[in-house]
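Dear colleague,

Please find below the structure that I am handing over to you. My findings follow it.

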Amino acid sequence: MAKRLLVRGNEAICRGAIEAGCRFYFGYPITPQNDIPEYMSREMPKLNGVFIQAESEIASVNMVMGAAATGARAMTSSSSPGISLKMEAISYMAGMELPCLIVNISRSGPGLGGIDASQGDYFQAVKGGGHGGYHIIVLAPASIQEMYDLAMLAFDLAEIYRTPVMILGDSVVGQMKEPLVPHPRPHRELPAKDWALRGKGDGEQRFIKSLYLGDGELEAHNWKLDAKYREMKARETRWEDFQTSDADLIVTGFGSAARIAKTAVMMAREEGLKVGLLRPVTLFPFPSAAFAERTARCKKVLDVELNTGQMVEDVRLSVARDAEVYFYGRPSGTGSLPTPEEILGQIKKYY
Amino acid sequence: MRHDMYMAGFGGQGVLLAGTLLSHAAMIEDRNVSFMPSYGVEKRGGAAMCTVVISDGDVGSPVIGNPSVGVLLNQTAFDKYCPRIRSGGICIVNASLVDISTCPRKDIEFVSIPMNAIAMDLGDSRMVNMVAVGAYAARTGAVSLAALAEALKDTLPERNHKYIPDNVKALEAGAEQIRRN
Amino acid sequence: MQQVFKRPTSLKDVQTHFCPGCHHGTIHRLVAEALDEFGLQKETIGIASIGCSVFLYYYFDIDVIETPHGRAPAVATGVKRARPDRFVFTYQGDGDLAAIGTAEIIHAANRGEHISVIFVNNTTYGMTGGQMAPTTLLGQKTSTSPYGRKPQVEGYPIRMAELLSGLDGVAFSARAAVNSPKNLMDAKKQIRKAFRYQVEGKGFSFVEVLAACPTNWGMNPIEANERVGREMCEFFKLGTFKNTAEL
């Protein structure tokens, strides 16, 4: 086994992206993701890659658009307010079907909010944060190893489905350090990039656009995108299951909230309570079937989020009709991160 | 086994370095670990704090509400974090800077060590964090002293490896305090 | 028989959607001629913007990406950094480049990106129906300055070619017009120079081209063409503002 490295979450994403062949990073400083541009500014030149600190989040994501349009693996990262600024280009890239990675090490809001861990950007991430009714794949890592692995997966999924992919984290998974086992990117068959701009040479002209003005053109384009979303739902849902098979109550949550909840679940088990954890790893496509399946038997679900209730809507749409879904939220700010003990209290309340 | 702890003090006491050292030592022992530095607003005013969770199995939450052990290096850290230590837990305090006499808690064990004085005796006041980690390891058995000593190589930048023997001495001095108690 | 005039290879044989008297078609042709002259058609990636010039890919037979409003220089940066061996130019209007995309053009220029920018200034938002642009002249009536642009209210028209020439990252900056045969020939030279800068790896190049928008100016093509010479050339002086390599 490769030597384990003690790595910060933000750095793990960079290592995963670089291992995945990403050589183009464009960003703009914002807390709490600055380790990412700092790491990339140090490493990209050594790899003959490109690092640009752009004049704004807007410019940086548009640089990603440009590099991605040539078929290069490109990424940007930011935190909530900066992601809001990137949303215009994300909508464009969804329409243009351009693969890329966007990392949101989110912070609390609305507005300037604060820099504490938050999951207030769930809706923005999974429901199409920009205009026009699109989706992008959203991955929610809960450990440093996952930050690394999902960064690699993100680039592959982006190319398979020709879509931007977002990694949605926060300062807990971004700032904590855990052992990381580095490994080569798993081999995956990827489609040819017969759409990438290259200068037409002796071939046909290629162009990448999101404007469709002809009769019926845009509707057809939207149905094509929708078919892709349905394919993602059928093939790409991922989740972690921790002791749900005999559970009388299933705790759910994503990312850092799920990590905290997991300890609460372990504490409950120590006390003899049959409690499990179901953690969506893909937030879009949402693992609805995993919820439906488990709630055919277990009728109580407790959803824990660092907001006032966002993913819970998707949970409610996914569970069996007669299952109860309870919600415990801590819209975060300084001192508002819930503890495992606190979640254990909630488990006992609904168990 | 699962060990969770807070370590807190002010910036410059090497709290985050000590947490990183613990994490590396746990990895040397093939354990799982998570190291969570306090971030942002909590960092202001020169305060430093981290949570370390070491486990043979799943680490679970990197965030702990009530740790089983607190290693608290100054009065501010003590006043803030001592109340959070789990009932039946251990509070290792830097007696050189912390007055515990007004603390009402009877349900936790106090281990008072004059860390600054010991560090000064060793000839370097910056060794307070090593004394603290040595004491923590000896009292809880979370990691071995040998692993800590070895982990210094992974923790300190290459240019500071010449100080490893001094750091090892400080780790041992901390542990010695526990053995003597 | 010798052929003395033909459609540039870089342009497609299609009719444009541009209004009668609009200068975009002429400027498209000048750009295509320059691409042909340098033999760039097969290695060019064009960056289209938002406005009347959005359909670059319908008229140019080159690879093209259509970018969000104002962001063409940022997208061009990404393209050029990923493919430094390709010829990259943006084609932007005044609303796109001098209003919403001000940050992007200033910083792409200031970084000295090895791209060429064709900036078409017709003092109005053409595509959206003739609203006030950052380059709208004082006193000029538009659909959102119906009483005429007043400096106390709307500020002053902005001179991009001069402004950019002050940046160290800019190698070449010029302004041209296509309202007369002489100006058109000069415009062709300036565009050719700008492209030469990139071809020879000499840095960021910028050409502002003054253009007529008869439809939104409420003029016929002849009046509009005359206005370019009479009013626009008066305020937006033609010439070369920076030419570091003295090409």
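Chain B and chain C do not touch, and their nearest C-alpha atoms lie 30 Å apart. Please note that this is a predicted model. Two pairs of chains touch, and the pair with the most contacts is A and C.

The interface of chains A and C

This contact takes 36 residues from chain C and 36 residues from chain A. Together the two chains bury about 2700 Å², with 59% of that area on carbon and sulfur atoms. On the side of chain C, the residues that lose the most area to chain A are C:K42, C:D63 and C:E66, which together account for 21% of what that side buries.

Five salt bridges are found across the interface of chain C and chain A. One salt bridge joins C:D61 to A:K200, with the closest N and O atoms 3.5 Å apart. By class, the side of chain C that touches chain A divides into 16 nonpolar, seven polar and 13 charged residues.

The interface of chains A and B

Here, 26 residues of chain A are in contact with 28 residues of chain B. The area buried between them is about 2100 Å², and carbon and sulfur atoms give 63% of it. A:R4, A:L6 and A:K177 supply 25% of the area that chain A buries against chain B, more than any other three residues.

The count of salt bridges between chain A and chain B is one. B:D58 forms a salt bridge with A:K262, and the closest N and O atoms are 2.5 Å apart. On the side of chain A that touches chain B, α9(A) gives the most, with five residues. That side comprises 12 nonpolar, six polar and eight charged residues.

The second largest pocket

This pocket holds about 410 Å³ of space. It is lined by 20 residues, of which A:S91, A:H131, A:S210, A:L211 and A:L218 are the closest to its centre. Two helices of chain A, α4 (80–96) and α8 (217–235), each supply at least two residues of the lining. The lining residues divide into 11 nonpolar, eight polar and one charged.

With kind regards

Definitions and conventions:
Residues numbered from 1 in each chain as written. Chains lettered and ligands numbered in written order. Predicted model: local features only at pLDDT ≥ 70, side-chain atom pairs only at ≥ 80, totals over all residues. Heavy atoms only, no water. Contact = heavy atoms within 4.5 Å. Buried area = accessible area lost by both parts, 1.4 Å probe. Salt bridge = Lys/Arg side-chain N within 4 Å of Asp/Glu carboxyl O. Helix = DSSP H or I, 4+ residues; strand = E, 2+ residues; numbered from the N terminus. Nonpolar A, V, L, I, M, F, W, Y, C, P; charged D, E, K, R; others polar. 1 Å grid on protein atoms, 1.4 Å probe; cavity = no way out; pocket = protein on both sides within 12 Å on 5 of 7 lines; lining within 4 Å. Points joined across faces, edges and corners; volume = space filled by probe spheres on them.
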